[in-house]
Amino acid sequence: MIGVDTDATLVEELAGGHCRFSEAGLPELVSRLAGTAAFQATTEYAALAAADVVIVTVGTPIRDQGVLMDLQLRGACEELSRHLRPGQLLIFKSTVPAGMTRELVLPLLERSGLTCGTDFGLAFCPERLSEGNALRELRSFPIVVGGWCDESADAAAEFWRRALGVEIIRCASLETAEMVKLADNWWIDHNIAMANELAMVCATVGVDVLDVIAAANSIKKGSGSVNILLPSVGVGGSCLTKDPWMVWRSAGERGLALRTIPAAREVNDGMPRYTFGLIVEELAKLGRAPEQAKVAVLGLAFKNDTGDLRATPTQPVIAALREAGAEVTLHDPLVDEDEAEKTFGLRPCASVEEAVRDADCLAVLAWHRPFRDLDLTWLRRQVAPSCAVIDGRAYYPRETIARLRELGFAYRGIGR
Ligand SMILES: NC(=O)c1ccc[n+]([C@@H]2O[C@H](COP(=O)([O-])OP(=O)(O)OC[C@H]3O[C@@H](n4cnc5c(N)ncnc54)[C@H](O)[C@@H]3O)[C@@H](O)[C@H]2O)c1
């Protein structure tokens, strides 16, 4: 396998066996395979001449609520058009508005002078793995295949069947496959928005939202069950914050105003502010105004068990706390410290111990595996005499909450 990327530093790291991503099993794999025939990394597109199948996964960010910034995609297609050779199959995986593969990608590829369907194959197979679980899901998630023509779809389906042995879902067209990805993320974002609002209403009634969700999810509906996802400090990362907007924008361009997408986005974007409010309320109960308080934030990434800070909802919480005058310390064992400093304007502490010393509040905004080993009795001794724990994404079980309270912590979660 050959990996081509325009980021020379990334290529150098990968070629040297170093993996900068916090992804279960990946660093070991990169370190074992780098430099062998099984995995070469390069910035040279010419290396693709040796490939029978080319998979494109460049970034597809948006601006202005859903306008695709297609620079990376264009760049990749233009380079590919210079290096395409007859017989190759091109599989695009980057998330795009429906129609992009046919309208943008195909004409750029055909600048090569080669003809799609005759000289090369073209398929869209959306990337649906989630960060943190990617390798596990790779071996189990069905792959969605949409081809420019039947032969392209057949070739892509056969490739994935042989490479991964997973179920293949054949779609009628490139556009169907493109829309599948958007539908997945629209559903997830919408579902989380409902979970977040459910959490907020549960808080007003004084019930634990996790109890409600567990019981509510017990009935069958359609081909599965009711499946309310989990509320949290907010939705971040590079997918859920952009993909629903892509659908919204392309519907708008066709004269259709979608209303659920802006509503869900607004709810989810409001969760950091809500979490900030919980911290301020809990501090007030301890007799402290934000400007008299020290808040230690544990977990900075946009979700548990990743080091990814892209669009992390922890950023607006931390910004609001600092604006309110609180002393804020940060710690996350999975994020890159330089990246964190860029994102938060504050360098994270190297250890939990350093971050939590004399804190009036522990804001647990991402709950990574290494945190599970924390000894709560030890933690109690490090913090201020009165200290609140705000659970933004840890989902502590009842026993842990009881233990925290027994030790003298105040506890508050999202909808708990
Ligand atoms: N990150 C995820 O978990 C995830 C999940 C599902 C789908 N996706 C989708 O997959 C795509 C990639 O996401 P990502 O998070 O990996 O993006 P990313 O921005 O982290 O990575 C994109 C990579 O493409 C490289 N690149 C840019 N232009 C290039 C070019 N012309 N030639 C070669 N390499 C080039 C960049 O240097 C970078 O390493 C996006 O469309 C995203 O929506 C991502």
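A polar contact is a pair of N or O atoms within 3.5 Å; within protein, one atom must be able to donate a hydrogen and the other to accept it, and residues adjacent in sequence count only if both atoms are side-chain atoms. The model is predicted: local features need pLDDT of at least 70, side-chain atom pairs count only at pLDDT 80 or more, and totals for chains, interfaces and linings use all residues. Residues are numbered from 1 along each chain as its sequence is written, and side-chain values use heavy atoms, with hydrogens and water left out.

View 1. Arg310 places a side-chain N or O atom 3.0 Å from an oxygen atom of the ligand. For Asp5, the distance from a polar side-chain atom to a ligand oxygen is 2.6 Å. Thr60 also has a polar side-chain atom 2.6 Å from an oxygen atom of the ligand. On its own the ligand has 820 Å² of accessible area, of which the protein covers 78% (Shrake-Rupley method, 1.4 Å probe; for residues, only the protein chains shown count as cover).

**View 2. The shell around the ligand.** The ligand is surrounded by 23 residues, the closest being Asp5, Tyr45, Thr60, Thr95 and Lys242 (a residue is near a molecule or strand if one of its heavy atoms lies within 4 Å of it). Sorted by class, the shell holds seven nonpolar, nine polar and seven charged residues. Ala, Val, Leu, Ile, Met, Phe, Trp, Tyr, Cys and Pro count as nonpolar, Asp, Glu, Lys and Arg as charged, and the others, Gly among them, as polar. Helix 3 (residues 71-83) supplies the largest share of this shell, three residues. Helices (H or I, at least four residues) and strands (E, at least two) are DSSP runs, numbered from the N terminus.

**View 3. The Glu13–Arg20 salt bridge.** Glu13 and Arg20 form a salt bridge in which the closest N and O atoms are 2.9 Å apart (a side-chain nitrogen of Lys or Arg within 4 Å of a carboxyl oxygen of Asp or Glu). Glu13 is partly exposed at 21% relative accessibility, and Arg20 is partly exposed at 41%. Buried means under 20% relative accessible area, exposed over 50%, and partly exposed in between (1.4 Å probe, protein chains only). The whole structure contains 32 salt bridges.

**View 4. The Asp360–Arg288 salt bridge.** An N-to-O distance of 3.0 Å joins the side chains of Asp360 and Arg288 in a salt bridge. The two residues, 72 apart, link distant parts of the chain: Asp360 sits in the loop between helix 14 (352-356) and strand 14 (361-364), and Arg288 in the loop between helix 11 (271-285) and strand 12 (294-298). Asp360 is buried, with 5% relative accessible area, whereas Arg288 is partly exposed at 34%.

View 5. The side chains of Arg416 and Asp391 form a salt bridge with an N-to-O distance of 3.7 Å. This pair, 25 residues apart, also links distant parts of the chain, with Arg416 in the segment after strand 16 (409-413) and Asp391 in strand 15 (residues 387-391). Asp391 is buried at 3% relative accessible area.

**View 6. Leu283 in helix 11.** Leu283 belongs to helix 11 and is buried, with a relative accessible area of 0%. Its C-alpha atom is 54 Å from that of Ala123, a residue 160 positions away along the chain.
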